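This report walks through a sheet, its covering helices and a group of aromatic rings. Keep the sequence and the model open side by side.

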Amino acid sequence: MQTPLQLNEALIMRTSLTEEGLAEARRKQQESGRRLTDLLLELELVPEEELLAALAQLYALPVHESLSPDAVDPEVATQIPISFAKAHHLLPLRRDGDRIEVAIADPLLTDPLDDLRLVYPGTRCELVLATRRDILSCINQVFDRAHSAEDVAEGFSEEDLQDLASEIIHEPEDLLDSNEEGAPIIRLVNSLLQQAVKARASDIHIEPREQDVAVRFRTDDILYEPIRPLPRRLQQAVTSRIKVMGKLDIAEKRLPQDGRIVLKIAGKDYDVRLSTIPTQYGERCVLRLLPRTQELLSIERIGFDERSQGLLRRLIRRSNGIILVTGPTGSGKTTTLYAALSDINDPDKNIITIEDPVEIRLAGIGQIEIKPQIGLTFAAGLRSILRQDPNVILVGEIRDLETAEIAIQASLTGHLVFSTLHTNNSAGAITRLIDMGVEPFLISSSLAASLAQRLVRVLCTDCREAYEPTYEELDEIGLKPESMAQQQIYRPQGCASCNHSGYRGRVAIFEILVVDDTIRNLITRGIDSKTIQDQAINQGMVTMRMFGAQQVLKGVTSVAEILRQTDEQAVASLEPAPN
């Protein structure tokens with residue numbers, strides 16, 4: 001075993017760690033008793049790849065630059081608890097006779113290795129080094145594969161469905177840390193949740209039918225069945241388990257119920273919105289998965305082009321007015337608004353939001369969650385927010401005339417207000433407000449801009465296919481063959497990496513209607529939204545279909561996908577916008 005002095009020399013000679021940095025880490029090590037390697041990484045004094053390379057050379061150990069679950073024997077790996085593997089950043093990879101290969105992030109961690117010898121008696125550990133990130137990712141995937149929902153469901157016996165109440169009292173800290181030998185109903189529901197997260201699903205549908213129970217996931221806005229239908233006899237037990245998790249009344253089966261579940265899956269926190277409704281074959285459940293720790297996108301990364309970025313940044317730096325984001329449920333409106341808030345989130349601004357629910361946490365702003373059952377509605381909360389001296393207010397959704405009028409008054413008294421509406425296009429927001437009962441002159445005085453958006457599926461880069469589109473296809477999205485400059489167009493194919501859908505992930509397409517004097521005059525006169533939309537296009541507005549055509553030319557998505565999401569949009573030629 002190398003001495004601390006030799007370790008110090010290796011770190012200074014073979015990494016970018018400085019003498020001062022090492023001294024700081026050693027001082028904190030003496031104060032806290034923690035491991036030196038943990039402190040070096042926590043204080044960001046040295047990159048983990050450099051640290052691993054130095055340790056590998058010092059202790060003559062190989063390094064795995066990438067750790068794949070395919071290289072792991074699950075029967076060997078899952079003999080240790082997942083919590084033990086995560087806590088010590090180690091994972092047994094495979095066993096060969098009396099030799100067991102173990103991936104570990106810190107070779108100085110000897111006590112857990114001694115424990116492994118008790119789990120795998122008569123073996124010697126041969127170490128390979130890997131980063132903490134790779135090991136944790138591999139642990140989650142290997143343990144997730146070990147027990148799928150189908151495997152759990154097939155192993156049920158009648159005895160497993162008895163005494164359900166005794167099985168559903170305690171929640172595991174992390175679903176992947178749950179005891180695999182425990183309650184089968186718990187394991188089944190946990191497996192469904194784990195598979196949904198792995199499949200990047202936004203919703204889980206559990207639908208009782210006459211002969212069985214269908215389970216469907218919604219991924220990239222498309223519903224599909226990831227597993228075979230569950231036996232009909234499991235329906236009531238599965239529903240009861242989910243209702244207990246959501247703190248609903250399991251005895252009430254005649255009325256719809258709504259609840260919420262807070263979960264941790266594979267180290268990530270999730271808010272799960274739960275809805276149940278009675279049907280002729282039993283209660284139908286829908287769970288919407290909302291990552292609480294999702295990465296907040298910047299304006300650049302959401303999908304805006306440079307022109308739209310500049311326009312949006314000018315709008316969100318106004319001192320007053322209303323900026324509306326419109327689109328159907330699940331079109332990314334909240335993400336866009338939070339990217340805008342993040343862009344202007346400075347200490348000199350007081351930003352307060354009121355939402356249902358708070359989906360994204362953002363440091364430095366006040367966030368309120370409505371609770372209608374105690375009278376905290378959007379309107380009531382908005383009134384209280386105005387007494388908090390805000391500069392910027394985000395209202396999750398304008399649902400009624402009262403909320404709309406308060407938001408408008410707030411904008412007219414020197415506040416910048418962000419909110420959302422459910423409309424098909426940007427001009428439709430104006431009609432929607434008028435339908436609510438808002439006077440046109442108030443809309444024209446307060447509305448600064450209306451932004452409409454959709455989420456379109458991104459072509460899988462592993463299997464997308466180049467092809468020659470027809471003139472009719474190009475004409476439908478406003479493209480002219482002679483203006484394409486030999487740019488390549490792609491269509492979906494389907495492969496294992498995209499679940500044979502041809503698409504993987506989604507990206508937003510936008511249109512921004514800026515309310516200038518001309519548009520303001522049309523609103524005051526009560527002109528219809530189609531005329532307002534046409535006028536905005538004449539003044540240079542890029543419609544969603546035109547924006548989508550640009551994404552087609554970049555190879556991001558397909559013609560069919562743009563048409564699917566913008567079938568309400570007027571066909572417009574993709575010409576350069578006038579200055």
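Rings of Phe, Tyr and Trp (its six-membered ring) pair if their centres lie within 6.5 Å; planes under 30 degrees apart count as stacked, over 60 as edge-to-face and the rest as tilted. F304, F510 and F547 form one aromatic cluster. This is a predicted model, in which local features need pLDDT of at least 70 and side-chain atom pairs count only at pLDDT 80 or more, while totals for chains, interfaces and linings use all residues. Residues are numbered from 1 along each chain as its sequence is written, and side-chain values use heavy atoms, with hydrogens and water left out.

**The aromatic cluster**

The ring rule gives three aromatic pairs. One of them is F304 with F510, stacked at 3.8 Å centre to centre with 15° between the planes. F304 lies in the loop between α13 (299–302) and α14 (306–316) and F510 lies in strand β19 (residues 503–514), so this pair ties together parts that are 206 residues apart in sequence. Helices (H or I, at least four residues) and strands (E, at least two) are DSSP runs, numbered from the N terminus.

F510 also pairs with F547. Their ring centres are 5.7 Å apart and their planes stand at 85°, so this pair is edge-to-face. F547 belongs to helix α23 (residues 544–553), so its pairing with F510 in β19 ties together parts that are 37 residues apart in sequence.

F304 is buried, with a relative accessible area of 4%. F510 is buried at 1%, and F547 is buried at 2%.

**Charges over rings**

A charge sits over a ring if NZ of Lys or CZ of Arg is within 6 Å of the ring centre and within 35 degrees of the ring normal.

| Charged residue | Ring | Distance to ring centre |
|---|---|---|
| R457 | Y503 | 4.0 Å |
| R464 | Y490 | 3.9 Å |

**The sheet**

Two strands pair if DSSP finds at least two bridges between them. Seven strands form an open sheet with mixed pairing, in the order β13-β12-β14-β15-β11-β16-β19. β13 and β19 stand at the edges with a single partner strand each, so one side of each has no neighbour in the sheet. Neighbouring strands are turned by 20° against each other on average, direction ignored.

How enclosed is strand β12 (residues 351–355) by the rest of the structure? Five of its five residues are buried, so β12 is largely enclosed. In a regular strand the side chains alternate between the two faces of the sheet. I351, T353 and E355 are on one side of β12, I352 and I354 are on the other, and all are buried.

β12 has parallel partners. Four bridges join β12 to strand β14 (residues 392–395). Across this pairing, I351 has V392 as its bridge partner, and T353 has L394. Strand β13 (residues 366–369) also pairs with β12 in the parallel sense, over four bridges.

β14 runs parallel to strand β15 (residues 416–421), joined by four bridges. I393 of this pairing stands opposite V417 in β15.

**Helices on and beside the sheet**

Contact means heavy atoms within 4.5 Å. Axes are lines fitted to C-alpha atoms, for helices over the stretch in contact, and angles run from 0 to 180 degrees between N-to-C directions. Helix α15 (residues 333–344) lies across β11 (321–326), β12, β13, β14, β15, β16 (447–459) and β19, running at about 165° to β15. Helix α16 (residues 378–386) lies across β12, β13 and β14, at about 170° to β12.

Helix α21 (residues 517–524) meets helix α22 (residues 529–538). Their axes come within 10 Å and cross at roughly 170°. These two helices are therefore roughly antiparallel (angles under 35 degrees count as roughly parallel, over 145 as roughly antiparallel, 65 to 115 as roughly perpendicular and the rest as oblique). T518, I519, L522 and I523 in α21 meet I532, Q535 and A536 in α22.

**A buried loop residue**

L479 is found in the loop between α20 (471–476) and β18 (489–491). L479 is buried, at 5% relative accessible area. L479 and A549 are 70 residues apart in sequence and 7.1 Å apart in space, C-alpha to C-alpha.

How values were computed: Buried means under 20% relative accessible area, exposed over 50%, partly exposed in between (1.4 Å probe, protein chains only).
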